[in-house]
Amino acid sequence: MWSLFDSLEIGKKSLAAQQAALQVTGNNIANVNTPGYHRQRAVLEPTSPVPTLIGDLGTGVTVSQVISVRDQFLELRISQATQNVSMQDTMAAFLKQVGTTFDTEDSGIQEGLSRFFNSFTVLATDPASSPLRYGVLSAAQDVATSFRNTARQLIEIQSQANSAAEETVHHINELTARIGQLNTQITIAEAGGHEAATLRDERSSAIQELAASIDIHYYEAEDGTVNVSTAGGDSLVTAGFVSEVRTETQPPNGFIGAFVGTREITDSVRGGKLGGLLEVRDRLIPAYQQELDALAAQIIAQVNAAHAAGTDLQTPSTSPAANLFVPAASVAGAAAAFSVNPTVAADVRYIAAGQSGSPGDNSNALAIAALAFQKTLAGGTQTFSESFAALQFEVGTDEHSATLQSGIGNAMLTQLENSRDSYSGVSLDEEATDLIRFQRAYQAAARYVSVIDQLTEELLQTLGR
Amino acid sequence: MKITPSTQTRTFLENIYRLRTRENQAHAELATGKSVNRLSDNPFAAAQASRLTAVMAENDQFLAISQQLRGKLETTDSVLQALILRVDEAKTLAAQALSGTTTPESRAALATAIEGVRQEVLSASNTQFDGNFLFAGTETSTTPFVESGGAVTYQGNDDPIYQRLDRSVVIQSNVTGQSLFIDSPSVFEVLEDLKTAVVNNDAAAIRSGFADLETVSSRMNSTAAVVGNNIRLTEQLENALRTHTQTLQEHVSNMTDANLAKSISDLNITTQAISAALGAQAQVQQFSLLDFLR
């Protein structure tokens with residue numbers, strides 16, 4: 001038997017359901033600018049019907065659940081794009097500093113080399129001239145200083161990358177700890193069968209932030225927890241359990257290595273900020289240092305050999321002459337240790353312009369000056385100047401490439417984020433439409449309750465006479 | 001496609017960042033006059049410019065050295081021309097001594113004149129340029145010719161001094177006193193012997209001296225020709241260096257100089273685009289369906 005009170009119950013349920021839907025809409029509007037927020041939706045379902053002789057009679061509506069609108073595939077692609085963009089952004093920022101170091105005007109190496117060899121050409125015009133010998137000494141000190149400064153700046157940038165890598169590892173550990181906590185909270189919250197949308201949003205944000213820090217793989221298990229591992233397969237988060245990334249200071253330069261458990265992952269990180277930092281610290285800068293050192297070592301060795309073939313202006317003159325530059329102990333570190341022999345710096349008569357000891361003999365000065373345009377490097381294909389220009393080209397290309405890749409990656413990421421917003425984001429137009437929809441439904445339900453109330457009142461008045 | 005406020009903001013910001021980057025690039029180009037201000041702007045052009053700038057500096061240095069060397073060669077040439085005149089003068093004096101009409105007095109006068117020539121040659125042989133003796137070989141700080149008891153001894157050496165004029169050209173920049181004055185027949189000995197022969201009225205010795213002076217004169221003329229050639233070579237190389245530097249400068253300019261008209265145009269376009277984007281964003285953000293709900 002169906003009563004008016006059952007009809008009132010339908011009205012009440014409808015009012016409650018529309019009000020709940022309005023609340024969800026309100027919450028969406030409130031979070032329109034909340035980063036990482038996924039639009040929520042009230043799922044309206046009819047309540048169980050009552051079987052009657054004439055068939056099932058509906059009993060109204062209820063909000064079965066509030067779900068957040070999310071596309072796991074898009075989230076995954078965004079996390080992959082974020083890893084790439086973050087790595088390229090980081091590399092571009094650091095390579096910009098490296099590029100400045102190698103800029104022609106800032107580095108001074110190209111100009112220094114030019115001045116140094118030209119100073120010997122000038123000395124050849126008057127080999128015994130004291131002012132011209134001081135000119136050679138000054139140019140030699142300038143070129144040595146330029147190499148040392150560039151080498152020092154590279155080491156500084158490398159150290160900055162190392163410090164930033166250490167901070168990034170701390171941040172990674174904070175994020176994995178947070179994801180582990182959220183996994184636990186979500187498991188508890190969803191035990192009742194309802195989605196913990198806010199917690200999931202928070203976890204999604206943490207995962208994206210983690211992807212910006214390191215290249216990761218992740219997947220959602222059936223229990224709703226997310227398992228995160230490095231791209232190399234080392235687990236970082238499994239449900240509520242977290243494996244910290246450890247750092248250890250390593251020889252020879254005291255830079256940190258990253259470990260998960262006992263396994264070192266330093267060389268396998270290929271994305272995120274940490275990937276960019278390690279790429280700059282461990283591959284790009286060492287490559288530049290190696291080439292700069294090789295160039296410095298060659299200049300030192302060739303100039304010293306040519307200088308030793310000469311005779312100085314001391315009384316009595318000595319041959320072979322002293323080294324002009326302090327010989328490099330090894331190729332590695334040659335640029336950082338580039339310096340003029342203190343003996344020569346203290347007395348320019350040690351500069352060997354000739355080979356016979358005669359004051360007018362300029363043969364050795366000419367021989368040293370000629371080193372400038374002898375192709376002795378890169379298998380006899382490059383001069384010193386060309387070798388440095390090739391290094392400048394390499395540095396410029398790396399920075400250009402990282403900046404270009406960063407731009408392309410950012411454009412792709414923006415596109416993906418726009419796609420996600422299109423699906424999961426809050427549109428005020430859409431919410432306003434829902435607002436109208438639920439408002440009208442609420443108004444209709446209220447009107448329905450009013451009608452039932454009138455019917456009830458009429459019945460009571462009729463029967464009460 | 002659903003456009004959310006976040007989408008609008010993100011797209012707007014990305015566009016603005018891109019426009020600001022272009023605006024910044026145009027600003028930098030106008031401020032410096034260069035389109036390549038960093039290695040990454042155009043790595044190939046930047047590296048080429050770096051290498052070519054070093055070559056231009058090298059050329060400038062060669063040019064300066066060539067000009068200085070030309071001064072030395074011109075001084076050497078003028079000394080050689082003066083020496084040739086002096087030797088010719090000595091030849092004239094020898095011819096007079098052979099005329100057959102000389103008296104002891106006139107022969108004494110001729111001998112004095114020959115001694116005068118010898119002294120002038122000795123003085124010229126010790127000429128300095130920029131504080132260095134021209135004819136001393138590489139012993140440039142030692143007076144090369146010293147007279148003692150009527151004999152002139154050479155204190156220098158026979159070593160050449162070379163100078164590089166560009167990457168491929170090296171020339172000898174000195175004339176050694178040994179080859180010019182000392183090697184047989186030595187001008188000093190010839191003049192000394194001629195003087196004695198004139199005083200003694202020794203016709204055979206005077207003829208022999210005359211012939212030796214011909215040899216000395218010929219040697220000096222040959223040397224002057226070599227020096228003259230080297231002077232012309234320096235002039236030619238200076239012109240070549242200037243042309244080369246100018247070509248390189250143009251090449252570097254083509255690669256790295258900003259096209260100012262384009263930079264100004266870019267700046268105007270980006271400034272207008274930024275203004276339009278800001279205005280549009282302000283308009284777009286004003287309205288949503290909520291504004292029309294009562």
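**Cavities, pocket and interface**

User: What is the make-up, by class, of the lining of the largest cavity?

Analyst: In the lining of the largest cavity, 8 residues are nonpolar, 10 are polar and 3 are charged, where Ala, Val, Leu, Ile, Met, Phe, Trp, Tyr, Cys and Pro count as nonpolar, Asp, Glu, Lys and Arg as charged, and the others, Gly among them, as polar. This is a predicted model, in which local features need pLDDT of at least 70 and side-chain atom pairs count only at pLDDT 80 or more, while totals for chains, interfaces and linings use all residues. Residues are numbered from 1 along each chain as its sequence is written, chains are lettered from A and ligands numbered from 1 in the order in which they are written, and side-chain values use heavy atoms, with hydrogens and water left out.

User: Why is this space called a cavity, while another is called a pocket?

Analyst: On a 1 Å grid over the protein atoms alone, a cavity is a set of points where a 1.4 Å probe fits but cannot get out, whereas a pocket is an open set with protein on both sides within 12 Å along at least five of seven lines. The largest cavity holds about 250 Å³ of space, and among its 21 lining residues (those with an atom within 4 Å of a point) Thr125(A), Asp126(A), Lys72(B), Phe129(B) and Asn132(B) are closest to its centre. The largest share of this lining, 4 residues, comes from α2(B).

The largest pocket has about 1200 Å³ of space, and of its 33 lining residues the closest to the centre are Thr403(A), Leu404(A), Gly407(A), Tyr17(B) and Thr21(B). Two or more lining residues each come from α2 (72-102) and α10 (384-424) of chain A and from α1 (5-32) of chain B, with α10(A) giving the largest share, 12 residues.

User: What lines the second largest cavity?

Analyst: Its lining has 16 residues, with Leu113(A), Ser114(A), Phe117(A), Ala372(A) and Glu58(B) nearest the centre, and about 160 Å³ of space lies in this second largest cavity. By class, the lining divides into 9 nonpolar, 4 polar and 3 charged residues.

User: How do you know that Arg10(B) forms a salt bridge with Glu417(A)?

Analyst: The rule asks for a side-chain nitrogen of Lys or Arg within 4 Å of a carboxyl oxygen of Asp or Glu; the closest N and O atoms of Arg10(B) and Glu417(A) are 3.1 Å apart, so this pair meets the definition. Across the interface of chain A and chain B the rule finds 5 salt bridges. On the side of chain A that touches chain B, α2, α4 (109-123), α9 (363-370), α10 and α11 (428-464) each give two or more residues, and α10(A) supplies the largest share, 19 residues.

User: How many residues does the contact take from each chain, and what area is buried?

Analyst: With contact meaning heavy atoms within 4.5 Å, 56 residues of chain A and 42 residues of chain B take part. Buried area, the accessible area (1.4 Å probe) that two parts lose on being put together, summed over both, is about 4100 Å² here, with 56% given by carbon and sulfur atoms.

User: What makes Pro316(A) and Ala378(A) worth a look in the backbone?

Analyst: Most residues other than glycine have a negative phi, and most peptide bonds are trans. The bond from Thr315(A) to Pro316(A) is cis, with omega near -5°, and phi of Ala378(A) is positive, near 50°. Pro316(A) lies in the loop between α7 (272-308) and α8 (342-346) of chain A, while Ala378(A) is in the loop between α9 and α10 of chain A.

Key. Points joined across faces, edges and corners; volume = space filled by probe spheres on them.
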